[in-house]
Every structure is written in structure tokens, then in C-alpha cells.
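Subject: Structure handover

Hi,

Here is the structure I promised to pass on to you. Have a look at it first, and then read my notes below.

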Amino acid sequence: MESVQPPAGSQVSRVPAQRTPPDQLTPPPATPAPERPRRRLRTVLIVVAGVLAVLCVAAVVAGIVLYNRAATPDRSAPDVAVVSYLQATLVSRDQSRAALFTCDGSLPSVDGFRAEMERREQELDVGLSVNIENVVVSTSGPTHARVTATIRRSATVDGVQQSLTDAWQFEVEDRNGWRVCAGAPVS
């Protein structure tokens, strides 16, 4: 075989190519099998934990708001305050709840009326049912109102349904919510 000379002025080297014998080649570094990235699992766990934390905080906040709404007495209007006060005092007979609707604690006239009801229940050996009816508000200013109501006491005595009605008048003031300040029977 004849050696072929590169043309004159060519940049091709005239030195024959030298190759490393195959037995002296270093093997390419062995690459380990790629592992699944753990970052994806970690990211999913962080997102799930974050969502659960937000849901827990939202549930606690919702619970507090709902509890406050349920526990706070409704004193939004004069008639609502009077009816709530009478129900607490005469129906459920819960003085601590009734005090939430008054200006300065209990009202002696209503407390006397309740004591008389209890005495009659023991005397007749019956339970009285109390209804608050005909509630009417007459406002005398932006923070004062007069509320009239009829209190009906009913019971069955010796198989006969009986009821008594009493008209009452209450003075109510708006003190960060309407509150009953005075009450007396109307003659």
C-alpha cells in the first residue's frame, strides 16, 4: 500500500496516529443505578402536613366563633332582652343566666313573682307552665325603651286546665346590648 502524502501546505499531521492499546484503556467509571429522588416524598409529606395544620387551625377558630355565638346572650333588641330575661327567670329559673340580661343583677319584683309561683306550685302540687305573650316595645330614646308583656301561667289542677295572666311593664336600657333595669306588674 502506498502511502498517500497530504497536499503541500495542509495542516494534517504527518505523524501517524497513536492509539492506546485496548488492554491499557481505563474502564469508564461505573455509574450506580439512579435512586428515586426522596425529595418528592418529602415534599408530599410537607404539603400534607401543612394542609392538616391549616385545617386544624381553621377548625379551632370555627369552634371558638361558634361557641362565642352560642354562649353570648342575645341582647339585640329591647323585646328580645325582656323575653330572654323572663324565660331565664320564670321558665328555666336560672338566676345566673337571668343576670346576663339585667342592668344591676336581679329585679326584686320579678323575683317575688317567681317566689309566689313556686309557692303556688308546692301548694297545689303542680308544675306551672309559663308563656310570655303580647310583647310590645315603646321606645323613649335611642338607649331607653319601655316593654310591656303578658305573662301567662298555666296548670292542670284536678283535671281542669287553668291559666292566669299578668301584665308587666319593663324599663330597658341599651348598655352595650339591651338590658332590663326595672319591672313591675301593670295594674
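Let me start with a definition: a crossing of two helices is left-handed if the near helix is turned anticlockwise from the far one by less than a right angle, and right-handed if clockwise. By that rule, the crossing of α2 and α4 is right-handed.

Before going further, please note that this is a predicted model, in which local features need pLDDT of at least 70, side-chain atom pairs count only at pLDDT 80 or more, and totals for chains, interfaces and linings use all residues. Residues are numbered from 1 along each chain as its sequence is written, and side-chain values use heavy atoms, with hydrogens and water left out.

Overall layout

The protein has four helices and four strands, arranged along the sequence as α-α-α-α-β-β-β-β. Both kinds of element are DSSP runs numbered from the N terminus, with helices being H or I of at least four residues and strands being E of at least two. Of its 187 residues, 22% count as buried (buried is under 20% relative accessible area, exposed is over 50%, and partly exposed is in between, with a 1.4 Å probe and protein chains only). Among contacts (heavy atoms within 4.5 Å) with a separation of 6 or more, 48% are between residues 24 or more positions apart.

The helix pair

Back to α2 (residues 78-91) and α4 (residues 108-124): their axes come within 10 Å and cross at roughly 35°. Axes here are lines fitted to C-alpha atoms, for helices over the stretch in contact, and angles run from 0 to 180 degrees between N-to-C directions. On the α2 side the contact is made by Y85, L86, T89 and L90, and on the α4 side by V110, D111, F113, R114 and M117. These residues divide into six nonpolar, one polar and two charged (Ala, Val, Leu, Ile, Met, Phe, Trp, Tyr, Cys and Pro count as nonpolar, Asp, Glu, Lys and Arg as charged, and the others, Gly among them, as polar).

The sheet

The four strands form an open sheet in the order β1-β2-β3-β4, with antiparallel pairing; two strands pair if DSSP finds at least two bridges between them. Its edge strands, β1 and β4, each pair on one side only, and the twist averages 30° from one strand to the next. Both helices of the pair above pack on this sheet. Helix α2 touches β1, β2, β3 (160-174) and β4, and its direction makes about 155° with that of β1. Helix α4 also touches β1, β2, β3 and β4, with its direction at about 165° to that of β3.

Strands β1 (residues 129-139) and β2 (residues 144-157) run antiparallel and are joined by nine bridges, with a hairpin of four residues between them. In this pairing S129 stands opposite S154, and V130 opposite R153.

The disulfide

A search of the whole structure finds one disulfide, defined as a pair of cysteine sulfur atoms within 2.5 Å. The partners are C103 and C181, with their sulfur atoms 1.7 Å apart. C103 lies in the loop between α3 (95-99) and α4, and C181 in strand β4 (residues 178-185), 78 residues apart. The link is left-handed, with -45° about the S-S bond. C103 is buried, because its relative accessible area is 15%, whereas C181, at 24%, is partly exposed.
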